[in-house]
Amino acid sequence: MSSKNNREQNLLLFLSKSQDYVTSKDLEEVLNVSQKTVYRLIKKVNDEYLDGPLIISERGRGYKLDYEKFINYQKNKDKYKEKQFSPYERRKRIMEELLLSSPKPINIYHLFSNYYVGDSVIFNDEQIMSEELKKYNLVLERKNRTLAILGEEVNIRKAIKDIIEIFNTIDIDDLKRNQELNFNKYDVLFILGQLRNIEEELDITIPYPYNVNIFSHLYILLSRSRKVPTLLFTDKVSDIEMENMKSDYILYPVAKVIVSNIEQYLNSHLPDIEVYFLYQYLVSSRMQGSFAKTSTFSSEVIQITKAYIEGMSINLGIDIESQSIFTDLANHIKPMLNRLEHKIRIKNSLLSQIKVTYEEVFSGVTNVSEFVSEKFNLPAISDDENGFITLYFAKVIVTGQHQRPIKTLIMCTTGIGTSELLKAKVSKKFPELEIVDVVASRDIQMLKEKYSDAELILSTVCLKDEIPIHYLLVSAMFTIDDQKRLQKKIEEIYHGH
């Protein structure tokens, strides 16, 4: 990402954290740029947002974010990108095409014809792409005016998931209705059906980001299988790993059934290793429901969970009671260890906001993660993982006692850690609210029946359907602006009574 894009992101994050108007002088200092650059950045952000200015200006006071517009912008920012492709975007799109078709070679003219660039630019792009692919142990081969990406299938899929950014930004609840996402709609409906099958078979819910991870894995499998009918795997799974998988009488049969359904959908046979791949994604996912509640913890999970609690107690200078966080955190650590072992990466779409809002907690978690990796001989724990762990400790800090006069629903698509954090923050700041449940946006239709006495919905998702309940769109981080707007909404509800 260019430094200019970083400045725009930092500008928006700083304004989202600010309680009131911010002067241009403050912005100059924070962004370390000139006054002219500040004006240019604000104009560019506002020009790219199609529904009016995102950043409001007032003479004598400075600049302020239109917060509800900002929440929607964060969810839909892909639609505001410029149509012209930067060199970075051009190379990324070409790598996408080569990766999906690997190891099939593609004519260079075909790859670059839409970008109107000369041989010197093409040569330069090849060098940069080759270096990028080395991170995944993949080789970019040029032969007879064609390019091809060569390497092991598991590395090709890992590169596809990282390089094709849409897999890291999709919202499962939004997939069926968002026409701007360039997905095969039949594949989307099929895979969403398979996710439902998994949830029904196990009597669980797979929250964000684990549902996105499984969706991405299956979508890539369908795309690769069509472009390269005979996928050659050099990866070998040991007999011990296979036996361990087959001895899991809960997840293994589910993985096997889903792969069988995919074979029928594709009308072609898939290698047995696909069952193992899907099984690892299931084991690496946090699950919510009866199956998840009965899961047991290994001694390693218990030791690592305790290490985080003890380490964060020291870092934050507070006494964190183990029982208040242990089970929730251990349920996160358990699949995280499997992700680390099998190099499965989850993307934390709230990472930037978490770093800004909980800077001290995130820093502490990062330090403890480094200690945990060294002590327990684990791979490095990424910032994405650290961001999720941060939410569990942030929840501990903000949790408090509350009264509950106004029956309130919290609606999220961002999963256990984030929705529970939002619930804790709302309860702490507004004891007059009774949080009766945390619901998914896809359940909007049954709200009238199941929650007929609810008076308020706090949602991180923009609701398009008309609902007979007071509703407020808020950020998952529940900032000062959110709190001010919620206070006004509570006054409206009391006034209505």
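This passage describes the overall make-up of a predicted protein model and then several of its local features.

The protein contains 23 helices and 11 strands. Of its 497 residues, 51% are buried. The confidence of the prediction, expressed as pLDDT, has a mean of 81 over the protein, and 83% of the residues reach 70 or more. Over residues 78–83, however, the pLDDT is below 50, although the model gives this stretch 10 contacts beyond near neighbours in sequence. Residues 400–404 likewise have a pLDDT under 50, and for these residues the model has 12 contacts beyond four places in sequence.

Attention turns next to the strands. An open sheet is formed by four strands in the order β9-β8-β10-β11, and the pairing within this sheet is parallel.

An antiparallel arrangement is found for strand β1, covering residues 55–58, and strand β2, covering residues 62–65, which pair over four bridges. One of the residues involved is Ile55, whose bridge partner in β2 is Leu65. The hairpin of β1 and β2 has three residues between the strands, and in this hairpin Gly60 adopts a positive phi near 85°.

Among the helices, α5 (residues 87–101) packs with α7 (residues 119–134) at an angle of about 65°, the two axes being 10 Å apart. The crossing in which α5 passes α7 is right-handed. On the side of α5 the contact is made by Arg90, Arg91, Ile94, Met95 and Leu99, whereas α7 contributes Val121, Asp125, Ile128, Met129, Glu132 and Leu133. When these residues are sorted by class, the contact of α5 with α7 has seven nonpolar and four charged residues, with no polar residues.

Two individual residues within helices were also examined. Ala307 is located in helix α16, which comprises residues 299–316, and Ala307 counts as buried because its relative accessibility is 9%, with the cut-off for burial set at under 20%. When residues up to four places away in sequence are not counted, Ala307 touches Val368, Val372 and Phe376. The C-alpha atoms of Ala307 and Lys375 lie 9.8 Å apart in space, while the two residues are 68 residues apart in sequence.

The other residue, Asn155, is part of helix α8, which runs over residues 153–163. Its relative accessibility is 12%, and Asn155 therefore counts as buried by the cut-off of under 20%. With residues up to four places away in sequence left out of the count, Asn155 touches Tyr136, Asn137 and Leu138.

Key
Residues numbered from 1 in each chain as written. Predicted model: local features only at pLDDT ≥ 70, side-chain atom pairs only at ≥ 80, totals over all residues. Heavy atoms only, no water. Pairing = 2+ DSSP bridges. Axes fitted to C-alpha atoms, helices over the stretch in contact; angles between N-to-C directions. Left-handed = near helix turned anticlockwise from the far one by under 90°. Contact = heavy atoms within 4.5 Å. Nonpolar A, V, L, I, M, F, W, Y, C, P; charged D, E, K, R; others polar. Buried < 20%, exposed > 50% of the residue type's maximum accessible area, 1.4 Å probe, protein only. pLDDT = per-residue confidence, 0-100.
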